Amino acid sequence: MRKIFLYGLTTILVLGVALGADGAQWNIPSRDREILIDGFTSEWAGVPTFQITPERKDLRSGGTFKEGDVALSIQALWDEQYLYLALRWSDDVWDIKEVGRKDAVWVDSEGKRRDRMYFYDNLKFHIRASDYDYTLWLSPRVNEEGPFVWARLLEGYKGMERATATPMVSSREQNDGSVTMEVMLLWKELRLKPGDDFSMPLTLVLSDGDHPGRMLDYKVEFLKWLGWVGKLTTPE
Ligand SMILES: [Ca+2]
Ligand SMILES: [Ca+2]
């Protein structure tokens, strides 16, 4: 009976993704190996990989991508204490800059408020429910700069800010120009409890800036990003 139910559920999920409905779900396996947060990702072999690329048709997007612009693969594992992420990030033109959370808003020459994070190579990891809002921005370490990371947690119906420590991040440039990263988030800092019942709305946004050193006014017309919207779950 359970098997039939699971089969039915899988079919619905696959259809949901295929139809572009908001039924997408990222089921993170529980940790079955040692993970060392050192930027080397060999211990992640065999963990399901989640791809964010312009070729994927079920993603939201903005701007115009060309072939080989950017590709990000993400793996994740969880245990009682931590959520672990492994990233492999390829980009034809790295455009990295430290933008702190206090500088994240930029008002352009027409008075429009814009998110400065979108002008550079960044990944946004955003868990958002009605009374919960956790935002994590990550950029890799490239040419001896970075990684740059900031996080913010708002909680309760008034969106009160909770103090949160920045997650542990390690980032390494590879010989082929890509970057591998490992991230370790403490559930306690997120104020979340993983397990079979856990399901939270997650948005991932990958922004791709390709004009390092240029003014933001110049970069506006080249803004481009890819977004995945779904649910984050932690089946036991
Ligand atoms: Ca490692
Ligand atoms: Ca780029």
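Author: E9 and strand E10 (residues 148-155) pair in the antiparallel sense, over 8 bridges. Strands (E, at least two residues) and helices (H or I, at least four) are DSSP runs, numbered from the N terminus. Two strands pair if DSSP finds at least two bridges between them.

Reader: What kind of model is this, and how are things numbered?
Author: This is a predicted model: local features need pLDDT of at least 70, side-chain atom pairs count only at pLDDT 80 or more, and totals for chains, interfaces and linings use all residues. Residues are numbered from 1 along each chain as its sequence is written, while chains are lettered from A and ligands numbered from 1 in the order in which they are written.

Reader: Back to E10. Which residue stands opposite Trp150?
Author: Trp137 does.

Reader: And which strand pairs with E9 over 7 bridges?
Author: Strand E8 (residues 122-129). E9 covers residues 132-139, and the pairing is antiparallel. E8 and E9 form a hairpin with 2 residues between them. Leu123 has Leu138 in E9 as its bridge partner.

Reader: What holds paired strands together in general?
Author: Strands of a sheet pair through backbone hydrogen bonds, either parallel or antiparallel.

Reader: Now the loop between E9 and E10. Which residue there has a positive phi?
Author: Glu144. Its phi is about 65°, although Glu144 is not a glycine. Most residues other than glycine have a negative phi, and most peptide bonds are trans.

Reader: Is Glu144 buried or exposed?
Author: Exposed, because Glu144 has 6 C-beta neighbours inside 10 Å. The cut-offs: buried means 20 or more other C-beta atoms within 10 Å of the residue's own, exposed means 12 or fewer, and partly exposed is in between, with C-beta atoms placed from the backbone.

Reader: Where is the cis peptide bond?
Author: Between Gly146 and Pro147, with omega about 0°. Pro147 is also in the loop between E9 and E10.

Reader: What about Arg191: what is its phi?
Author: Positive, about 60°, and Arg191 is not a glycine. Arg191 lies in the loop between helix H2 (187-190) and strand E14 (199-207). Arg191 is partly exposed, because 13 other C-beta atoms lie within 10 Å.

Reader: Which residues does Leu153 touch?
Author: Not counting residues up to four places away in sequence, Leu153 touches Tyr134, Glu161, Arg162, Thr164, Leu190 and Arg191. Contact means C-beta atoms, placed from the backbone, within 7 Å. Leu153 is found in strand E10. Leu153 counts as buried, because it has 20 C-beta neighbours inside 10 Å.

Reader: How far is Leu153 from Leu136?
Author: They are 8.8 Å apart in space, C-alpha to C-alpha, and 17 residues apart in sequence.

Reader: Switching topic. What is the strand order in the open sheet of 5 strands?
Author: The order is E2-E4-E5-E13-E12, with antiparallel pairing. Strand E2 (50-52) and strand E12 (168-173) are the edges, and each pairs on one side only. The twist averages 15° from one strand to the next. For such angles, axes are lines fitted to C-alpha atoms (for helices, over the stretch in contact), and angles run from 0 to 180 degrees between N-to-C directions.

Reader: How many bridges join E4 and E5?
Author: 9, in the antiparallel sense, with strand E4 at residues 70-78. E4 and E5 form a hairpin with 3 residues between them. Gln75 stands opposite Ala86 in E5.

Reader: And how many join E5 and E13?
Author: Strand E5 (residues 82-91) and strand E13 (residues 179-186) pair over 8 bridges, also antiparallel. In E13, Val179 is the bridge partner of Trp89, and Leu186 is that of Tyr82.

Reader: Why is E5 largely enclosed by the rest of the structure?
Author: Because 8 of its 10 residues are buried.

Reader: What does Leu206 touch?
Author: Ile52, Val70, Leu72, Leu123, Trp225 and Leu226, not counting residues up to four places away in sequence.

Note on methods. Two residues are in contact if their C-beta atoms, placed from the backbone, lie within 7 Å.
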